[in-house]
Amino acid sequence: MKRFFKKLGWFALPCFAIVALVICLDFFKVFSDYEEYYSDDLFVSLNREYICFKNLEKQAKLNKPDSFVFGSSRSQAFKCKDWQGYLTPLNRSFHFDAGNEAIVGVLYKLKYLDRNDFKINNVLLVLDVGLLNQTSLKHRNYSLNISHPEISDNSYYDFYKPFITASLNPKFVFSYFDFRTFGKHRKYMGQYIANTKYPMIMDESNMEIYYGKDLEIENDSIEFYKRTIKTGIFYDRSEKQYDSTEVNPEMVNQFQQIKSFFEKYKTSYKFVVSPMYDQIELNKKYLSQLIKIFGKDNVFDYSGENQFTNSLGNFYEISHYRPHVARQILKEIYNN
Amino acid sequence: MLFNSLDFALFLPIVFLLYWFVFKNKLKAQNALIAIASYVFYGWWDWRFLSLILFSTLVDYTIGRLLLKENDQLKRKVFLWISIAVNLGFLGFFKYYNFFLDNFIDAFTFFGYSIKGNSLNIILPVGISFYTFQTMSYTIDVYRKKLTPTTDFVAFTAFVSFFPQLVAGPIERATNLLPQFYKNREFNYSQAIEGMRQILWGLFKKVVIADNCAEYANIIFNSSEDLSGSSLIIGALFFTFQIYGDFSGYSDIAIGTARLFGFNLMKNFAFPYFSRDIAEFWRRWHISLSTWFRDYLYIPLGGSRGGLWMKIRNTFIIFIVSGFWHGANWTFIVWGALNAVYFLPLLLRGNNRNNLNVVAENGLLPSLKEVFQVLTTFGLTVLAWIFFRADSMTHALGIVSEIFSSSTFSIPDFDKRHMAFYFMPLLIVFVLFEWFGRREDFALSKIENKWKKPIRYFIYYSILISIVTYAGQEQQFIYFQF
């Protein structure tokens, strides 16, 4: 037995050393706390929800937010600065989103805020057709989107596991050190390393994100869209697609729990279904269920074919729309 | 719990340490630990279905005891049928209820009668086909007086639920596995090292080979209507390696894990894609199931002893039942029937036991004749896998008809085609490893006799790195669904 363990130990030693090293290097900034997460020299993608959560913890001690924008990365088009115009000056807004956010993720966040004595005076909930049918966070079990145990029902082990796995990916590690040493993005690095001369700007006090792409479009919109179209991202939409999202009791239950939080905090809320390039319209039955629970004055469906989804200029690519669209939506939903 | 998960990576050392340190030399306690660990392992997926395993265990244990005391042949038969009815009843309800109901309704509709029946939303308990067959083998062997029924309930519970092979085999015989629970187990260094090596190779097959092949096979099968015959052939080839890597990988991990605890499980795969005819293929593929059907179905039906029609009937029965065992879909039945069609000529001409040795047994490379035989068998197998993988018969026939059209001579074109071609060298390396290891239990077996230490460690770490590289998402093992 001793011999077996000795052999195993020697064999595993390099592996343990590597794991210890990646924890120390902390590529994704999850093993330690940081003053600033989105530093200027950052070139890897971080887990957005985790950074939101860490910054919310900080803000709770400084200037406790009471108004929240929830949603997926598409919700980042909505700026707290713009939304603040529709709130009272005393309200403090915070963007508490997550990659691939689902309705259950929003529910978890409300529970977290409730547990931690946040007031929930205003909510702007921005979700997409494709993610409205997710009643668990299983689709978010990878490093970029995995939810922290303080927010979800994931264990710490569930949470750290994908970061360790991702940090051990040789292609990522090689790309990381190559870029760190030479500062040059090479083709093989792909999505692992951010490749843009227009980096994003982050306001960590409210998790407001400003994409560098806006600056790029501002500088030369024709070149930007010409290049994007050339990649084939903006596919032909002539064939109409339909949403298969069905209402199920679990979803209804989750919506009702969300509603009960809104009632508890007398929250003023708006529910926006994002305009998407695919122009898939939200299932009517689903929409009427949302309206039945949240009220027709609070639910705004911008899915399907409309003024926002028709123009390419409203999108960076097929998944994310631009802030001017969000500003227009805010205007419509609050002035109605 | 999946073998290719970090959950299992924590679970296994904990059980191992408790087994060899806390409960060392305490046979009963070791068996109890295995039983508890197995229930935790299974309950990790869905604890509600533990009651099924427990019930099956209780029924077969009790019937075993009753069979021991009973000499009246009729009563013994009744006891046996109760066990079979309970086990097949579970299997029938969870796995086949909706299939039979839907086909029953379709049949009536075909004859102009409209009847109503509601399909149930039934969750198929993981591994139900495996553990029900294992417990049935116990009762049948006791009934046949090949095995003395156990009086040790803990050992029997551990035998039925033994976690390394609980959810996807090998389907163990009570005559092989159960006696191992009665004997004191000593830690054996060489066996443990061989076990670790087999686990490593099994993980490589699953995480690197099967999961990557799955990605491309899924792309191609899911968009088969838009693809050419050449692309569909590549899809079928990817699925061929996917299913082998997936299932034999699971078996390797199971056998390797069992070795760590001092158990020897039966061999389940013996390099089936190097077979020279279909009969040899079936002696090398999912051996534990093939031999189960042989011993408990084919031989009782008369085997190949009867006349021509008896041989044909029995061959079709065993292959069709085997297909149906895999899933409640006509595609599996056709897959089984197709294999029967492949097998029959060999059986009828008495050539089904021609190739009992390993291909190129004494040499490095096969002869031209062997190359031709292996490629022909492989081609037939690939064709049959199309039915196994397809969603429906229409889907399968669509793929087959496209493959036998002129589009097979076009350049393959499918989503992620370039990625798929980049992956192929790794697939070739895998096949070479399998070829050089074909005389052993698994490709890396007894590697210490073949390679020097630095080369061995280079191989181990390369495998480890490739496993870590490809271990993005934990994928279910295909055979869990069966």
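This is a predicted model: local features need pLDDT of at least 70, side-chain atom pairs count only at pLDDT 80 or more; totals for chains, interfaces and linings use all residues.

In which sense do S1(A) and strand S2 of chain A pair, and over how many bridges? I found the parallel sense, over five bridges, with S2 covering residues 93-97. Two strands pair if DSSP finds at least two bridges between them. Helices (H or I, at least four residues) and strands (E, at least two) are DSSP runs, numbered from the N terminus.

Residues are numbered from 1 along each chain as its sequence is written, chains are lettered from A and ligands numbered from 1 in written order, and side-chain values use heavy atoms, leaving out hydrogens and water.

**Strand S1 of chain A**

I looked up the partner of A:Ser67 in S2(A); it is A:Ser93. On to strand S3 (residues 122-127) of chain A: five bridges join S1(A) to S3(A), and the two run parallel. There, A:Phe68 has A:Val123 as its bridge partner.

I then checked cover. Five of the five residues of S1(A), 67-71, are buried (under 20% relative accessible area; exposed is over 50%, partly exposed in between; 1.4 Å probe, protein chains only). In a regular strand, side chains alternate between the two faces of the sheet. Here A:Ser67, A:Val69 and A:Gly71 point one way, A:Phe68 and A:Phe70 the other.

**Rings**

I counted 115 aromatic pairs over all chains. Rings of Phe, Tyr and Trp (its six-membered ring) pair if their centres lie within 6.5 Å; planes under 30 degrees apart are stacked, over 60 edge-to-face, the rest tilted.

I picked B:Phe181 and B:Phe263: centres 4.7 Å apart, planes at 45°, so the pair is tilted. The two sit 82 residues apart, B:Phe181 in the loop between helices H7 and H8 of chain B, B:Phe263 in the loop between H9 and H10. Both are buried.

Next came B:Phe239 and B:Phe388, tilted because their planes stand at 35°, with centres 6.3 Å apart. B:Phe239 is in helix H9 and B:Phe388 in helix H14 of chain B, so the pair ties together parts 149 residues apart in sequence.

I also noted A:Lys29 over the face of A:Tyr34, at 5.2 Å from the ring centre. The rule: NZ of Lys or CZ of Arg within 6 Å of the ring centre and within 35 degrees of the ring normal.

**A:Asn283**

I placed A:Asn283 in the loop between strand S6 and helix H9 of chain A. A:Asn283 counts as buried because its relative accessibility is 16%. Contacts (heavy atoms within 4.5 Å) are A:Asp243, A:Thr245 and A:Glu246, not counting residues up to four places away in sequence.
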